[in-house]
Amino acid sequence: MNTAPAIALAGWYALASLATFIAYAIDKRAARLGRRRTPERTLLLLGLAGGWPGALLAQRLVRHKSSKAAFLAKHWWTVALNVAIVVALSLLNSGAAGS
């Protein structure tokens, strides 16, 4: 059994989550200070790229983007899409491994 892809994916999620958490924290600070903000699109793309666990953590710990219904709806769509992509790739990989 080759676990390298799973380890690589876990590493990617960890790095993407850290980057996304930091981006949310920086945006929260900018909001408090009245400075230039990170576009919501950027935050959503970071989540879609695998950083959604970090986004969830930031929404809870930093209390950023946690009460905006329109943003949260988009956020949960990116989470669902990300999970669907990972599941599809996993199924394709397991099918190829069985050949």
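Here is a walk through the chain, from the whole fold down to single side chains.

**Before you click**

This is a predicted model, where local features need pLDDT of at least 70, side-chain atom pairs count only at pLDDT 80 or more, and totals for chains, interfaces and linings use all residues. Numbering starts from 1 along each chain as its sequence is written, and side-chain values use heavy atoms, with hydrogens and water left out.

**Stop 1: the whole chain**

Zoom out and colour by secondary structure. You'll see three helices and zero strands, in the order α-α-α from the N terminus. Helices here are DSSP runs of H or I with at least four residues, strands are runs of E with at least two, and both are numbered from the N terminus. The C-alpha trace spans about 55 × 25 × 20 Å along its principal axes.

Of the 99 residues, 29% count as buried, where buried is under 20% relative accessible area, exposed is over 50%, and partly exposed is in between (1.4 Å probe, protein chains only).

**Stop 2: helix α1**

Select residues 4-33. The 30 residues of α1 should span 44 Å at 1.5 Å a residue, and the end C-alpha atoms sit 43 Å apart, which agrees. (The expected span is 1.5 Å times one less than the number of residues.)

Next, show side chains for the buried residues of α1: Tyr13, Ala16, Ser17, Thr20, Ala23, Tyr24, Asp27, Lys28 and Ala30. Keep the helix geometry in mind: with 3.6 residues a turn, residues three or four places apart point the same way. Just after α1, click on Gly34, which takes a positive phi of about 70°.

**Stop 3**

Centre on Tyr24. Is Tyr24 buried or exposed? At 0% relative accessibility, Tyr24 counts as buried. Beyond its neighbours within four places in sequence, Tyr24 is in contact (heavy atoms within 4.5 Å) with Leu43, Ala55, Ala58, Gln59, His64, Lys65, Phe71 and His75.

Pick Phe71 from that list; Phe71 is buried too, at 1%. By the ring rule (centres of Phe, Tyr or six-membered Trp rings within 6.5 Å; planes under 30 degrees apart stacked, over 60 edge-to-face, the rest tilted), the count comes to one aromatic pair. The rings of Tyr24 and Phe71 have centres 6.4 Å apart and planes at 65°, so the pair is edge-to-face. The pair links α1 to α3 across 47 residues of chain.

Now widen the selection to Ala23, Tyr24, Leu43, Leu44, Ala55, Ala58, Val62 and Phe71, the largest nonpolar core. Such a core is a set of buried Ala, Val, Leu, Ile, Met, Phe, Trp, Tyr and Cys residues joined through side-chain atoms within 4.5 Å. Helices α1 and α2 (40-61) each give two or more residues, and α2 has the largest share, with four.

**Stop 3**

Asn82 is buried at 7%, while Asn93 is partly exposed at 45%. Leaving out residues up to four places away, Asn82 touches Tyr13, Gly47, Leu48, Ala49, Gly50 and Trp52.
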